[in-house]
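Have the model open beside the text.

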Amino acid sequence: MGDLRRLAIVGFGLIGGSMALAIRRNLPDVRITAIDRSRAVLDTALRTNLADSAGEDLSLADAHDLIVLGAPVRQNIEILAAIADRVRGDALVTDVGSTKADTIEAARALPPRIRFIGGHPIAGAALGGLEGVRRDLFQGRPWILTPLPEDDPRATRPDDLDTVQSFVKQLGAVPCLLAPLEHDRVMAYVSHLPQFAISALMHVVGERVGHDGLLLAGNGLRDSTRLAASPAGTWRDIASTNAPEITAAIADLIAVLERLKEDAARGEELTRVFDSAARWKGFLD
């Protein structure tokens with residue numbers, strides 16, 4: 001895949017570790033540098049051969065062909081603010097964050113020698129961190145890239161986009177392109193709203209019926225609330241960096257619930273909503 005020989009992964013958790021596993025299988029000649037705040041994570045990366053070198057200092061990413069920011073969104077923004085002082089030469093940087101607008105704005109402050117292309121793999125696992133890494137985590141999954149258009153002052157270079165797209169394909173993923181703002185709008189509905197809705201649902205049900213009531217629940221509640229176990233910390237980052245789009249999505253859901261509430265006795269709105277839901281669900285199956 002071109003001249004990629006050295007890869008730095010900053011934030012070596014589930015996504016970074018799974019990248020490393022896929023690279024070991026598909027790009028065995030690539031040297032991997034793991035950069036993380038946790039000494040335990042770094043020790044594990046070296047011990048399990050997920051990385052060839054490891055450390056806490058961002059300067060270790062200097063002279064690498066590609067730098068991947070694998071930390072939570074707010075940490076990635078902090079890393080972008082510091083990277084120009086720690087990486088001396090030219091650098092191509094991408095990320096794996098769930099929101100893009102704030103990250104792109106942070107990247108605009110970088111000197112021209114450091115180029116940034118936003119990225120977002122649509123992949124996850126039940127276990128986070130290095131405990132959950134899988135070499136097939138990205139296999140066949142979409143990997144959204146958010147290059148900037150030609151009329152933008154920080155327009156993405158075609159050769160840079162080719163490099164990142166080729167890298168994504170080598171991981172087994174399917175690259176697709178979206179504008180940064182469109183990415184955040186779409187993710188607010190297909191990812192962020194479901195998380196907020198399911199967490200709110202489980203909260204209401206648990207608070208109203210308690211432990212004993214939950215013992216009476218059928219598989220429907222269990223199957224539909226898997227997302228309720230998600231940690232709040234990750235989602236605070238997502239909410240704070242995509243607040244306008246998430247707010248709009250929640251408002252749309254509330255409007256539908258209000259119509260269902262007002263029409264509960266007649267059931268006309270219920271029929272419309274349920275029929276529509278079944279039709280759209282067919283596209284996911």
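Predicted model: local features only at pLDDT ≥ 70, side-chain atom pairs only at ≥ 80, totals over all residues.

Residues are numbered from 1 along each chain as its sequence is written, and side-chain values use heavy atoms, leaving out hydrogens and water.

Start with the sheet. It is open, has eight strands, and runs in the order S3-S2-S1-S4-S5-S6-S7-S8, with mixed pairing. Strand S3 (53–55) and strand S8 (174–177) stand at the edges; each has a single partner strand, so one side of each lacks a neighbour in the sheet. From one strand to the next the twist averages 25°. Strands (E, at least two residues) and helices (H or I, at least four) are DSSP runs, numbered from the N terminus. Two strands pair if DSSP finds at least two bridges between them.

Now look at S8. Strand S7 (residues 142–146) runs parallel to S8, and four bridges join them. Pro 142 stands opposite Val 174 in S8.

Move to S1 and S2. They run parallel, joined by five bridges. Val 10 has Ile 35 in S2 as its bridge partner. The chain passes from S1 through H1 to S2 in a right-handed β-α-β crossover. Right-handed means that, with the strands pointing away from the viewer, the path from the first strand over the helix to the second runs clockwise. Four of the five residues of S2 are buried, so S2 is largely enclosed by the rest of the structure. Buried means under 20% relative accessible area, exposed over 50%, and partly exposed in between (1.4 Å probe, protein chains only).

The chain then goes on to S3. S2 and S3 are parallel, with three bridges. Ala 34 stands opposite Ala 54 in S3. S2, H2 and S3 form a right-handed β-α-β unit.

What does H1 pack against? Its buried residues meet S1, S2, S4, S6, S7 and helix H5 (158–170), where contact means heavy atoms within 4.5 Å. Eleven of the 13 residues of H1 are buried, among them Leu 14, Met 19 and Arg 24. The length of H1 (residues 14–26) fits too: at 1.5 Å a residue it should span 18 Å, and its end C-alpha atoms are 18 Å apart, which agrees. The expected span is 1.5 Å times one less than the number of residues.

Key:
Axes fitted to C-alpha atoms, helices over the stretch in contact; angles between N-to-C directions.
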